[in-house]
Amino acid sequence: MTRNSSASRPAPHRAIRAILLLLAILVVPSIVFAHAVVFPKTSTPGAYEKYVLRVPNERDVPTLKVEIHFPESLRVVSFGDVAGWKLQVLTDSAQRVTGAVWTGVLPKEHFVEFPFVAVNPKDSTSLAWPTYQTYQGGETVQWTSPDTASKTPVSRTLISDPTVIPVKVSRTSLYISIIALLFALTALGVALRPRGVDVRP
């Protein structure tokens with residue numbers, strides 16, 4: 001008797017799909033998270049917000065300097081201390097804070113977070129955070145591209161009033177839920193009811 005060996009082997013398209021899934025698991029996180037990003041990604045107009053610039057090291061040499069330029073409509077009021085990093089605040093002729101430069105040492109396969117507090121603009125808008133990351137040896141990565149599909153996209157924060165979406169529940173669904181609850185309670189009562197004792201001489 002000849003045994004059909006193809007039934008025991010996975011179909012080629014299944015094997016290819018498994019390989020693609022594995023590649024997606026391994027590659028996508030590095031693409032998604034390997035950016036200089038400012039959090040939170042959304043905030044409300046006029047809010048007194050704490051922002052955090054997160055910068056990963058994507059090279060085999062240390063990052064030595066990180067520079068960010070703040071949106072004109074934003075008013076930066078204070079910075080948090082970051083151990084091992086020195087802060088230089090950039091201002092214009094009117095002493096408005098326009099940016100910040102941090103210098104330190106960020107080893108490979110590490111990230112650092114730089115916190116600061118700012119007052120949001122009063123109107124809804126999209127804030128862009130141009131950031132420049134300088135590595136040992138002089139290479140500078142400019143996180144400034146407006147194209148979100150770029151390898152070096154600029155981070156953005158949406159300033160907008162929160163939209164409240166009302167939850168609508170139909171009467172039919174409500175009635176069905178009540179009836180189901182009543183049936184469940186009835187069944188529970190029957191299950192817990194003591195049974196009669198059979199007394200035999």
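Which side chain meets that of Asp-92 in a salt bridge? The partner is Arg-96, with an N to O distance of 3.6 Å; a salt bridge is a side-chain nitrogen of Lys or Arg within 4 Å of a carboxyl oxygen of Asp or Glu.

## Basis of the model

This is a predicted model, in which local features need pLDDT of at least 70 and side-chain atom pairs count only at pLDDT 80 or more, while totals for chains, interfaces and linings use all residues. Residues are numbered from 1 along each chain as its sequence is written, and side-chain values use heavy atoms, with hydrogens and water left out.

## Fold and surface

The protein chain contains two helices and twelve strands, taken as DSSP runs (helices: H or I, at least four residues; strands: E, at least two) numbered from the N terminus. Of its 201 residues, 27% are buried (under 20% relative accessible area; exposed is over 50% and partly exposed in between, with a 1.4 Å probe and protein chains only).

Among contacts (heavy atoms within 4.5 Å) with a separation of 6 or more, 68% are between residues 24 or more positions apart.

## Salt bridges

The count comes to three salt bridges. One of them joins Arg-54 and Glu-113 at 2.8 Å, N to O. Arg-54 belongs to strand S3 (residues 48-56) and Glu-113 to strand S8 (residues 111-119), 59 residues apart.

Arg-59 pairs with Glu-139, the closest N and O atoms being 2.9 Å apart. Arg-59 lies in the loop between S3 and strand S4 (63-69) and Glu-139 in the loop between strand S10 (131-135) and strand S11 (140-143), so the pair ties together parts 80 residues apart in sequence. Arg-59 is partly exposed at 29% relative accessibility, as is Glu-139 at 38%.
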